[in-house]
Amino acid sequence: MKKILTGYVLGLLLLLVPLWAFSESSDLLKIRQRVVAELMAPMPEDSRVRALLETQEEQGTWPGINYQDVSREAFEHRVHLGNMVTLSRAYKTKASKFYKSRKVKQSIIKALSFWVENDFICDNWWHNQIGTPNSLVSLMLIIGQELPEDLVTRAQPIIGRAHINAPGARPGGDRIKIASIQAKNMLFIDDQLTFDKVVNVIENEIKYVEWIGREYGYTYRLYSGGFSNRSSGGRGIQYGNSFHHRTDGVNNTLSYGLSYASAFIEWAVYTEGTKYAFAEDKLDRLIDYYLDGICKTAVFGKFPDPGAKNRSVCRRGTLRAYGADAAEKLLQTIDYRKTELEEIAAIRKTGIHPTVSHATFFWNTEHFSFQRPNWFTSVRMYSTRNHNMEVPYNSEGLLNHHRGDGANHISRTGDEYYDIFPVFDYQKVPGATVMQKAELPAPNEIQKLGQTQFVGAVTDGLYGAVAFDFKSPHDPLIARKSWFFFDDEYVCLGAGISCKSKLPVVTTINQCLLRDEVVISKDGKRMKIEPGEKQLEQVDWVFHDGIGYVFPTSKSIHLKNKEAKGSWWRISKQSTSSKETVSEDIFSLWLDHGKRPSDETYEYLVVPATSIEQLETQHSKKNIRILSNTPLVQAVENQALGIIQVVFYQAGEVIFADGMKLMADNPGIVMLKTTGNRVSELSVADPNRELSKFHLSLSSKIEQSGEGFHSSWDEVEKRSHIVVEMPKENYAGNSVTIKL
């Protein structure tokens, strides 16, 4: 590896004579100008620049930076790099008081000299191959031509650690970031041949990849290294438009997948109108991923879904709203899905509510999201095909053990969980059923492979039902959990809840920031709950912050509406994590299944974007009919919409309100839409991902055949036999919808 890197660096150094003698084509010049303009966009404040000049030490360092600690948890050296870029922007910005300032230039030279003399190497490879090279190439593109030539030359080997054959340039998120840095460096040193090669690599990274878990979910033990086999693939945009950064199958759509898209969008704009412009089909796929992956994983397409976040929950502001920049840039490249991009830009810029509702299941990632104009929710799960959570790399996200256990966050404004995580009770995750322990296992016990196969969802794109055959990888606990989603409410069912340990088991309905008074209905009477923590009997519904939690039959509940304390250091041991006590007022609502429960159940409705007056009409409660809630069948009927959703954990049957009977000959999830007593639409899904055909029967006469399905009427049994062809290979787990 050292010989390869040395040869690479020598090749670069030969290209540095003369360093500034650009011979690039007009296309390269245009791209370079766009890159520099982007780098110059955040204009530094004069006060910030003045402070950097006044505090810089003689050797080029700044106080407050620990230059000795190069550990994964520290590497404050990134602040030094950022300071150099800030100074370079001020030096090249005409509107700055420090434009062309000799003092600023000398400060940059001193700071860069100190860096190249020490060549700091972090224990975290990311800084060495991405973070540091990115800062230095930004510095070079902004001011490099005005720095001493020998200093620029000495910086090149450090920048050169970012190249497409580097160890960290794995397919997926890191490869595109490293390639982007290398391409910018080629613009700086005027290496058109390498630039051509790297830009081609960037463009061709926009592709779907086969998720190894589809096969490894059953046979991964037969493969050397299993999921951790680096050559096994599966990194990048998944079929279904979620994103996997590693081979663990964890949802990284709103972390690495976000920066992955940002890098492509950046280069799509840089190269637009040049010979390097991305092919139309590549831009189409990029926009599909942005709209159907990133935006559908976000609350209103604007705020990050906390359920899709991993270790980044331990960083301040991780749930801040996204800007309109990405959508606006994509609008510059092509007219594909223009109206949708314009709406996302408007949502993010002006705060309008989305007009498009959706029910989306990312089948390779076991993540479901559901959007209505006034509310958003999601369900996070895992199976034998993937892992429950990201490893707590760099000592971040140290308490995330249960955040994948059917997490069901609910948002009406988008900021219900903003910076809640220092004070969060990590054994009361919204939607999750968790055994309450004295303390969580060690952080190195967080990531676990799922232990069940029956995990999935059925959806027609607008409505959906989700099923999670849950077996905790941490505790001796099992449950069968399901969610049924409609326009005004959704239904949450749990059955077969059993635990071998003599510890309490609870299902948390929600845990969020306390934003308003809490009101309940008890014995049909409305009452406000004073701050505190209490158990309440015979509760009909609970109301907080525009969201209602309704119980089909009066229920004993546990409720907390008071201050909680914690710290950022509690969940992250980064050197910058504050140890100061943080306090937040918290609303938490949960059901206690008792110690060592056996075959316990729960049933509740969530009614978002509602009011106390609407709850008192019992509109949702009257609309919803729970047909079954057993470990074998969970089923719900929305009588107003004429929608029936059924989870069959094994072959079985269910009878609807009007007496119609549905029978499944195999496990699966079914959704029916009815008009009067006629079935007008049928959707099916196979959470096990093993059926080639889905077999079911209805006590309603349907004689029809079409693409991918066949139905025939059995006069003797008085039922229709329906056979539906199921998606295969990369689409196994996706739903099939048939119009009847």
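The legends below describe close-up views of a predicted model. Residues are numbered from 1 along each chain as its sequence is written, and side-chain values use heavy atoms, with hydrogens and water left out. Because the model is predicted, local features need pLDDT of at least 70 and side-chain atom pairs count only at pLDDT 80 or more, whereas totals for chains, interfaces and linings use all residues.

View 1. The protein chain averages a pLDDT (the predictor's confidence in each residue, from 0 to 100) of 92, and 94% of the residues score at least 70. Over residues 1–24 the pLDDT is below 50, although this stretch has 40 contacts (heavy atoms within 4.5 Å) beyond near neighbours in sequence. Where pLDDT is low, the predicted coordinates should not be read in detail.

**View 2. Asp 419 and Asp 599, two residues with positive phi.** Asp 419, with phi near 55 degrees, lies in the loop between β9 (410–411) and β10 (433–435), strands being DSSP runs of E of at least two residues, numbered from the N terminus.

**View 3. Val 542 in the largest nonpolar core.** This core, a set of buried Ala, Val, Leu, Ile, Met, Phe, Trp, Tyr and Cys residues joined through side-chain atoms within 4.5 Å, has 163 residues, and Val 542 is among those with the most contacts inside it, together with Phe 195, Trp 267 and Tyr 290. Leaving aside neighbours within four places in sequence, the contacts of Val 542 include Val 518, Ile 520, Phe 551, Leu 589 and Leu 615. A second, separate core of 26 residues includes Ile 644, Val 646, Leu 662 and Val 679.

Conventions: Helices (H or I, at least four residues) and strands (E, at least two) are DSSP runs, numbered from the N terminus. Buried means under 20% relative accessible area, exposed over 50%, partly exposed in between (1.4 Å probe, protein chains only).
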